[in-house]
Every structure is written in structure tokens, then in C-alpha cells.
Amino acid sequence: MAKGEKRTKSLSNNALFIFLSSIFFVIFKNKVFFLGNVLGSSKIAAKLFEETSVMLENLHMKKIYPNLAVILVGNNPASELYVKKKKIACDELGIEFELLRFAENISQRDILQIINDLNHKISVNAILVQIPLPKQLDSSIILNTVSPLKDVDGFTAFNLGLLSYGKEEIVSCTAQGIVKLLESTGTTIEGSNACIINHSIIVGRPLSQLLLNRGATVTVCHAKTTDLAMHTKNADILITAVGKPGLINGDMVKPGAVVIDAGIARKNGKTVGDVDFESVKDVASYITPVPGGIGPMTIACLVNNVAKLAMLHNQ
Ligand code: GUN
């Protein structure tokens, strides 16, 4: 075979391989198996970090130095870890980070006073109250005492209300991170059936609005949902954030669905999500790993929200 002919043949073989592998599924004994792409977030999170770094450079040029104040009550190990990761990200980008730690038994009155002080402090432009809070505290009152202009989580009624009006200003970092990761796959959200297993203000509520804004038909499942599998099997996009290992297995997933696992739990000394990765990976078209899936996106969205708030304040 001539040299040129050999090259053409190998090019066409390559093209065929790329074409076949881009379909992502195989048919075996009349059953379709999807070769689930593992949807890690490191590249997308790094891109968002880069964008935030440019926003911060522009702010620094105007002598604006964004600052995040974090309120941490008690010593919940998971919260300690999340806050540590938030600090590392802020340090990396040159965002000033102020950690205010309080004992588990702090009173509602004291914490409200602290938030009010931060609301009035000019050097603080973003406030985060790490949740969950101890039982004696009323989370909804506390979160709504944060000024909506400094509400970096988008948890206030004002910012959640804006979101229900379709205005995505300051939105929960986890919910935003999920949508950004989903969009990175090129998945068509408009007209799709999306199922979210979580109804918190961190994930389920804001995420349902983000997906509605993009034209999905959204089902929100929770502890009182009677037939979970009925909903999950109908979902083109399945998002779970419960913290229950093995909650979702391959039989509960629609072939070709995008599966995003924002659950976090410890099992046999390992960090795991809600999804039984082994059985779901051959059914889903995309599946996020735990760890390495949603976690890095949440942190990247947080630093981005800090920069966004600083820009909004100084417009
Ligand atoms: N606890 C778990 N996730 C979050 C989050 O995104 N924000 C806050 N404030 N607390 C959390």
C-alpha cells in the first residue's frame, strides 16, 4: 500500500472510531448499555477560578478588595472541612477571609447581633453562615438577617425570590455548580425531564428554579415521596443530594440519563455519594464521581459569588 493511501486509511479508521465512541452506547442482546462518561469538575472549576481571578484583578485595580466573613457555630466535622476548603480557595485568589467561630450553645440573640454588625461593616462585602446550625437556633431567621447585598449563598428570601422571578443574581453555589457542570456536557435541558432528590434551600429549591428557567420539567423528590424509582426512571437528568449511600442503583436510572451525585457520606472509611457508581455507570451517559464531582464546583461558585457581590456593590 502506498504511503499516502495508508495514511488516508488510518485517518478514516480514526474518524470511524471517534464517530462510534461519540455515540456512547453499545447494543448487546437487544439491551442498550451506555458507557457512562465520568463527569469530573476539575476543568470547569478551574475555568471559573480563572474568570473569578480576572474579576478580582479588575476590582483590585479600582482598590476594591473583596472580603468574605464566615460564621461557623460548633464543631461539626463536615462543616469544619467545608470551611477549610473555602478558606484555601479564598487564600489562593487573594480574597480576604475572616472566620468567626462560636460555641455550639451561642444564643439566637447573640448571633443575630453578630450578623447585624457584619451587615454594617464596610470592609465586609460577603457573609456566609455555615449550615447546619445547632437546634436551638432558628436557621431561617438567622439566614434572613444577612443583608441580601452581602448574601453570598443566595439563601435570603430576597435572593431566592429573585430567582423565582427568573433573575439569577446571587444563587446557591451548589445549585449553580450543578447547572454549570450539566451545561458543560452539552445536554439539552430545555424540554427534558429533570428529577431532583433534595428540597433544601442549598440544593433542591434553587436548582428547581434554575432548571425551570432553562425549560426543564422538574420533579422534586424528598423523604415523603412514595415511589422514588417511578420518578427517577423518567428522568433525563437525575440529581441527588441526600447523603444516603446506594440510594440510586442502575435499575432506577433511565438509559442515557445524566446523573449528578451531590450526596456526601462516609462508608467503610471512604467518602461516597448517593449513587451506586458501578451499576449506574453502564446505564447513564454521564455520571459524576464522589469525591471530585460537585464539590470543586461549589467552591469555585463561592469565590465567584464573592467577586460578583463586590462588583454589584461598587457599580
Ligand atoms: N452547608 C453545606 N453546604 C453549604 C453551603 O453551600 N453554604 C452554607 N452556608 N452552608 C452549607
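Pro291 is located in the loop that runs between β13 (286–287) and α11 (294–313). Here helices (H or I, at least four residues) and strands (E, at least two) are DSSP runs, numbered from the N terminus. The peptide bond that joins Val290 and Pro291 is cis, with omega about 0°. The structure is a predicted model, in which local features need pLDDT of at least 70 and side-chain atom pairs count only at pLDDT 80 or more, while totals for chains, interfaces and linings use all residues. Residues are numbered from 1 along each chain as its sequence is written.

A cis peptide bond is also found between Ile131 and Pro132, where omega is about 15°. Pro132 belongs to the loop between β6 (126–129) and α5 (139–143). Most peptide bonds are trans, and most residues other than glycine have a negative phi.

Lys63 is exposed, as 7 other C-beta atoms lie within 10 Å. A residue is called buried if 20 or more other C-beta atoms lie within 10 Å of its own, exposed if 12 or fewer, and partly exposed in between, with C-beta atoms placed from the backbone.

Asn268 sits in the loop between β11 (265–267) and β12 (270–272). Asn268 has 6 C-beta neighbours inside 10 Å and therefore counts as exposed.
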